[in-house]
4 protein chains.
Amino acid sequence: MPQLTLDLANGIINAAFGAAAKARMKPLSVAVLDAGGHLIAFQKQDGSSMLRFEIASGKAYGALAVGMGSRWLSNTAVERPHFVQGLSAVSGGRIVPVPGGVLARTADGDLIGAVGITGDTSDNDEACAVAGIEAAGFVADAG
Amino acid sequence: MPQLTLDLANGIINAAFGAAAKARMKPLSVAVLDAGGHLIAFQKQDGSSMLRFEIASGKAYGALAVGMGSRWLSNTAVERPHFVQGLSAVSGGRIVPVPGGVLARTADGDLIGAVGITGDTSDNDEACAVAGIEAAGFVADAG
Amino acid sequence: MPQLTLDLANGIINAAFGAAAKARMKPLSVAVLDAGGHLIAFQKQDGSSMLRFEIASGKAYGALAVGMGSRWLSNTAVERPHFVQGLSAVSGGRIVPVPGGVLARTADGDLIGAVGITGDTSDNDEACAVAGIEAAGFVADAG
Amino acid sequence: MPQLTLDLANGIINAAFGAAAKARMKPLSVAVLDAGGHLIAFQKQDGSSMLRFEIASGKAYGALAVGMGSRWLSNTAVERPHFVQGLSAVSGGRIVPVPGGVLARTADGDLIGAVGITGDTSDNDEACAVAGIEAAGFVADAG
């Protein structure tokens with residue numbers, strides 16, 4: 001099974017930054033987590049606000065928690081807020097349930113990690129996560 | 001780049017108290033945080049209730065977290081409560097999303113800290129934070 | 001019973017800073033808590049390191065927790081470390097058991113609050129807390 | 001005052017990895033924090049164990065907390081374990097008191113951030129942090 005190496009994680013971040021620059025987005029923060037929810041790589045662009053690491057990794061962590069992109073968590077938070085609140089609580093407060101957390105899968109569907117992005121609109125954050133994952137040769141699962 | 005020294009922080013607090021006295025407001029609590037979210041100075045006027053330090057610093061911390069005044073967090077908490085709940089969770093429960101947390105910037109727009117005030121109405125709290133920041137020669141960004 | 005007003009708390013901080021300046025100490029951070037462990041006033045001198053508020057208030061909070069100056073906690077941490085570890089745990093991790101946290105009492109022995117100082121040696125921190133409390137007309141109880 | 005930009009942070013990480021490769025060290029994890037303790041960049045080399053991000057950032061966070069390299073915390077943890085335990089508690093459990101957390105200062109002595117490294121011996125981790133900071137043109141303060 002392909003692994004999410006540091007080289008690939010850095011490639012995801014660079015591709016996400018490239019997509020953001022092309023669309024003239026605000027400064028982004030990008031976290032790449034392995035399938036166990038542990039950080040492989042992170043970069044925060046100049047001009048980002050204070051808590052962007054926690055937000056970016058919270059989106060990715062939330063996606064891994066339920067095996068779906070954080071867009072699903074965002075929708076669920078509207079329909080069944082108590083479920084997402086409970087999920088946040090049992091995670092130790094590690095989840096940010098808004099779009100921008102996207103799962104990375106192999107062509108066979110195996111989960112290898114997740115990417116969380118914050119800084120622009122949630123939709124734009126998510127689009128950059130998808131661009132980064134696909135540039136690294138994986139399949140993006142945004143939920 | 002100008003720094004937010006203790007002298008300036010004390011000046012912000014005194015100017016905020018002065019604005020409150022002039023408008024006959026209730027007793028205020030004022031927290032001044034540096035750009036990294038760490039406390040420089042705090043004062044709680046006699047007659048304030050128990051948890052005013054936590055509320056004042058929670059407004060300022062929230063403003064720094066997202067790079068906008070806590071009024072933005074207050075509006076977002078109505079429109080997308082799950083985002084603010086997630087932000088609160090990944091901050092370790094350090095955010096109070098109501099007006100009264102205001103960013104302090106230099107004339108060039110550089111962020112140097114934030115002021116959080118509580119005790120009167122949120123609008124009045126915010127007005128005193130703005131008055132304090134401007135009295136110290138900085139630009140107030142209430143979001 | 002005399003109260004620990006904001007004016008008195010500010011006086012304690014100024015007297016502590018004065019004692020430190022006279023002895024050419026390093027930059028200090030001074031927290032003044034009421035008898036319930038809640039912050040009344042805090043000031044951090046320029047050049048202090050990041051977590052000085054947490055350390056200063058942790059000394060004062062610890063003193064209030066057991067009704068003795070934090071020097072007693074420091075001695076107890078050597079003799080019975082498990083007691084201080086348990087105390088820290090049940091406090092929610094709010095205690096720093098080293099000298100520099102001093103109780104403030106009235107002439108009649110009534111407890112009105114505590115002062116915590118950090119920045120120089122623990123002995124010097126404690127001496128400044130005592131100086132501040134006495135300058136405000138209270139009795140310092142360093143444990 | 002010079003800022004610790006993302007470009008400089010990435011340069012620190014690459015130089016630290018270069019020093020480690022030259023000395024044939026084990027896989028390293030490198031965290032670069034700003035002066036307020038917030039993550040700018042992180043990379044974990046392939047083959048590292050699970051909690052390396054928390055360890056690397058815990059060394060850097062501890063150095064910033066007290067304004068000295070984490071080697072000072074390591075020595076203090078032997079001499080006065082209760083102080084370091086209290087510091088860890090009031091930090092919310094964010095400190096790893098072993099060598100490998102090094103402050104980055106400008107030529108004028110201004111603090112701009114800290115680097116934390118883990119993966120090889122603590123002495124080697126620290127040497128790579130120093131090498132990274134110096135390669136970026138800053139002064140390394142290992143405490």
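Predicted model: local features only at pLDDT ≥ 70, side-chain atom pairs only at ≥ 80, totals over all residues.
Strands of a sheet pair through backbone hydrogen bonds, either parallel or antiparallel.

Now look at one pairing inside chain A. Strand E3 (residues 101–105) and strand E4 (residues 111–118) of chain A are antiparallel and share five bridges. To find one of these places by eye, go to A:Arg105, whose bridge partner in E4(A) is A:Leu111.

Next comes the place where the sheet passes from chain A to chain D. Here E2(A) and strand E2 (residues 39–44) of chain D run antiparallel, joined by three bridges. A handy landmark is A:Phe42, which has D:Phe42 as its bridge partner in E2(D).

What else do the two chains share? In this contact, 16 residues of chain A meet 16 residues of chain D. The area buried between chain A and chain D is about 1500 Å², and carbon and sulfur atoms give 54% of it. On the chain A side, A:Leu6, A:His38 and A:Leu39 lose the most area to chain D, together 32% of what that side buries. Between these chains there are zero salt bridges, while seven residue pairs are in polar contact, counting those with both residues at pLDDT 80 or more. Helix H1 (6–22) and strand E2 (39–44) of chain A are the elements that give two or more residues to the side touching chain D. Of these, E2(A) gives the most, with six residues. By type, the residues on this side of chain A divide into nine nonpolar, five polar and two charged.

Finally, let us turn to salt bridges elsewhere. Over all chains, the structure holds 16 of them. One is in chain C, where C:Lys59 pairs with C:Asp125 and the closest N and O atoms are 3.1 Å apart. C:Lys59 lies in helix H2 (residues 52–66) and C:Asp125 in helix H5 (residues 122–135) of chain C, so this pair ties together parts that are 66 residues apart in sequence.

Technical notes: Residues numbered from 1 in each chain as written. Chains lettered and ligands numbered in written order. Heavy atoms only, no water. Pairing = 2+ DSSP bridges. Helix = DSSP H or I, 4+ residues; strand = E, 2+ residues; numbered from the N terminus. Contact = heavy atoms within 4.5 Å. Buried area = accessible area lost by both parts, 1.4 Å probe. Salt bridge = Lys/Arg side-chain N within 4 Å of Asp/Glu carboxyl O. Polar contact = N/O pair within 3.5 Å; in protein donor to acceptor, adjacent residues only side chain to side chain. Nonpolar A, V, L, I, M, F, W, Y, C, P; charged D, E, K, R; others polar.
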